[in-house]
Amino acid sequence: MKTNNLITRRNILIAGVTSFGGLLLSGCSRKLPPTYGNILRMGDTLTYAAHHALLPDQALAREYSQKDISSFPAIGTTDPGDPNNPKSSEIYRHLQRGGFADWRISIAGLVAQPGLYSLADLKRFPSRTQITRHTCEEGWSAIGEWTGVPLSRVLDAAGMLPTARFVTFYSYDDWADSIDMLDALHPQTILAYGMNGRDLSIPHGAPVRLRVERQMGYKSMKYLERIVVTEELDDGGEKGNIQNGWSWYAGI
Amino acid sequence: MAELQSAVQTDKTGHARWVRISHWIVTLSFLTLAFTGIVILMAHPRLYWGEVGNDLTPALLELPISRNHRHGGWDKTVAFFENAASPVSANRTYDIFNKNGWGRSLHFLVAWLLVLTGGIYLLAGLFTGHFRRHIVPRRTELSPKVLLGDMLDHARLRIRTATVGPHYGVLQKYTYFAVVFLVLPLAVVTGLAMSPAIAAAIPLLPGILGGFQSARTIHFVTFVLLMLFLLVHVLMIIKSGFKRQMRAMTIGDKNED
């Protein structure tokens with residue numbers, strides 16, 4: 001009995017040490033989000049490292065059927081063209097007036113062919129439609145159908161360089177946020193131009209928003225303006241989550 | 001029963017050090033999780049059942065715990081589809097209370113502390129025989145008559161001045177068993193089920209709980225149960241000799257008789 005107990009205990013210890021080692025190793029081979037010595041950000045980083053060490057890299061978020069589509073609140077910025085909005089954009093207002101015909105998204109940074117893509121350019125790529133759950137950090141959830149181009153297609157077309165590790169997004173309502181390559185190349189990460197079978201409406205991020213289905217809603221940035229591929233993590237400075245007191249990684 | 005009594009009198013051990021340390025780490029974690037949990041809930045004090053729930057869908061329960069309670073700050077609704085039963089969209093026009101930036105990060109940081117301490121506690125409890133000897137009710141304690149007797153004693157607040165250390169009463173064992181093996185694990189599992197990354201990797205997790213919002217609601221129920229437990233636990237400590245019990249659980253006094 002005693003011997004049995006000892007062996008089991010030792011096995012568990014070994015199993016524990018090995019998985020913790022795995023966690024540390026993956027932490028070293030990956031670039032982790034900055035913590036700036038803040039204990040809360042250290043917790044976020046631990047969660048990020050643990051998720052990437054323990055969860056399958058390319059697991060797909062659940063996709064629902066059309067009858068599951070639900071009512072969907074629009075929060076945060078609901079119209080960057082509204083001059084009463086403190087984060088309003090003159091350029092967005094102009095684009096909005098022209099039905100977004102002049103809208104171009106720029107892809108720059110670590111790509112062989114930086115360039116500008118119009119809405120029509122994005123629609124020429126093979127599209128993906130997915131009915132997924134949007135989970136807001138506030139506590140509510142909603143199911144919507146999103147149509148767009150997988151980000152990986154666009155990055156491919158732009159000739160992403162092998163040193164690329166992160167993709168940073170900038171929006172017309174003055175936010176900046178980034179995701180790692182696992183999420184950037186994930187099949188469900190799309191630049192969405194359609195919602196529930198129609199063009200994406202202004203409250204939900206027209207003309208194009210990001211969908212990052214394995215993270216909280218706030219990573220699915222609305223009103224996309226430009227995309228920059230980088231090697232180092234760009235926390236977005238004062239336009240980003242970390243300096244505004246939010247976790248960069250929102251898979252939890 | 002006589003056999004139990006003599007066991008209590010002859011066993012002079014107090015609470016093991018690892019029990020005392022993990023007890024207070026879990027206590028501290030739980031209180032922080034409860035506090036940050038309330039802060040998080042205040043951002044959206046509505047509970048639902050199923051996968052979906054938001055201000056544009058009916059709630060199971062609305063809690064009057066922040067200015068966000070029925071704030072009513074919504075623009076006119078716009079239907080997504082042509083039919084009458086179409087789901088809708090609406091713009092929020094109200095500046096809500098939201099401290100989730102630090103609230104959520106602190107909640108998750110402390111959750112790590114609880115899960116790691118809890119994991120070590122469960123392994124230690126299993127291998128030292130602590131669970132078998134002190135927590136899991138003995139065969140005689142499974143009898144409804146014994147349980148009923150102890151329940152009546154508690155209802156009349158006839159709490160015997162306890163010996164210090166892990167020689168628990170019948171109802172006490174049932175309660176600790178439920179907290180350690182059912183409620184706390186359920187709190188952890190429902191918490192994990194709310195993570196979109198974990199839900200993608202293990203769809204079964206939110207699935208068996210009835211969906212994301214069901215997991216969130218059950219998570220809240222575990223908080224209520226644990227708060228009730230805490231209340232009764234502290235009351236029982238007071239009734240059975242507060243000073244003695246606190247000394248036993250901190251510096252680790254042993255029985256002297």
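I began with strand S6 of chain A. S6(A) pairs with strand S11 (residues 224–230) of chain A in the antiparallel sense, over six bridges. Two strands count as paired if DSSP finds at least two bridges between them. Helices (H or I, at least four residues) and strands (E, at least two) are DSSP runs, numbered from the N terminus.

A note on what I am reading. This is a predicted model, in which local features need pLDDT of at least 70 and side-chain atom pairs count only at pLDDT 80 or more, while totals for chains, interfaces and linings use all residues. Residues are numbered from 1 along each chain as its sequence is written, and chains are lettered from A and ligands numbered from 1 in the order in which they are written.

**The other side of S6(A)**

Next I looked up strand S7 (residues 176–180) of chain A. It runs antiparallel to S6(A), and five bridges join them. A:Tyr170 has A:Ala176 as its bridge partner in S7(A). A:Val167 stands opposite A:Ile179 of S7(A). The hairpin of S6(A) and S7(A) has four residues between the strands, and there A:Asp174 has a positive phi near 70°.

**Burial of S6(A)**

Is S6(A) enclosed or open? Six of the six residues of S6(A) (residues 166–171) are buried, so the strand is largely enclosed by the rest of the structure. Buried means that 20 or more other C-beta atoms, placed from the backbone, lie within 10 Å of the residue's own; exposed means 12 or fewer, and partly exposed is in between. A:Phe166, A:Thr168 and A:Tyr170 point one way. A:Val167, A:Phe169 and A:Ser171 point the other way, and all are buried.

**The sheet**

I then traced the sheet of chain A. Five strands form an open sheet in the order S3-S2-S11-S6-S7, with mixed pairing. Strand S3 (115–118) and S7 are its edge strands, each pairing on one side only. From one strand to the next the twist averages 20°; the axes are lines fitted to C-alpha atoms, for helices over the stretch in contact, and angles run from 0 to 180 degrees between N-to-C directions.

**Where the chains meet**

How many residues does each chain bring to the contact? I read 46 residues from chain A and 41 residues from chain B. Two residues are in contact if their C-beta atoms, placed from the backbone, lie within 7 Å. H2(A) gives the most to chain A's side, with seven residues. A strand pairing also crosses between the chains: S1(A) and strand S4 (residues 88–91) of chain B run parallel over three bridges. There A:Phe72 has B:Ser89 as its bridge partner.

**Chain B**

I counted 10 helices and four strands in chain B. From the N terminus on, its elements run α-α-β-β-β-β-α-α-α-α-α-α-α-α. Its radius of gyration is 23 Å, well over the 18 Å that the globule rule gives for 257 residues, so chain B is more spread out than a compact globule. The radius is taken over C-alpha atoms, and the rule is 2.2 Å times the number of residues to the power 0.38. The C-alpha trace of chain B spans about 80 × 35 × 35 Å along its principal axes. Buried residues make up 30% of the chain.

Last, I checked helix H5 (residues 144–155) of chain B. Its 12 residues reach 16 Å from first C-alpha to last, close to the 16 Å expected at 1.5 Å a residue. That expected span is 1.5 Å times one less than the number of residues. B:Leu157 follows H5(B), with a positive phi near 55°.
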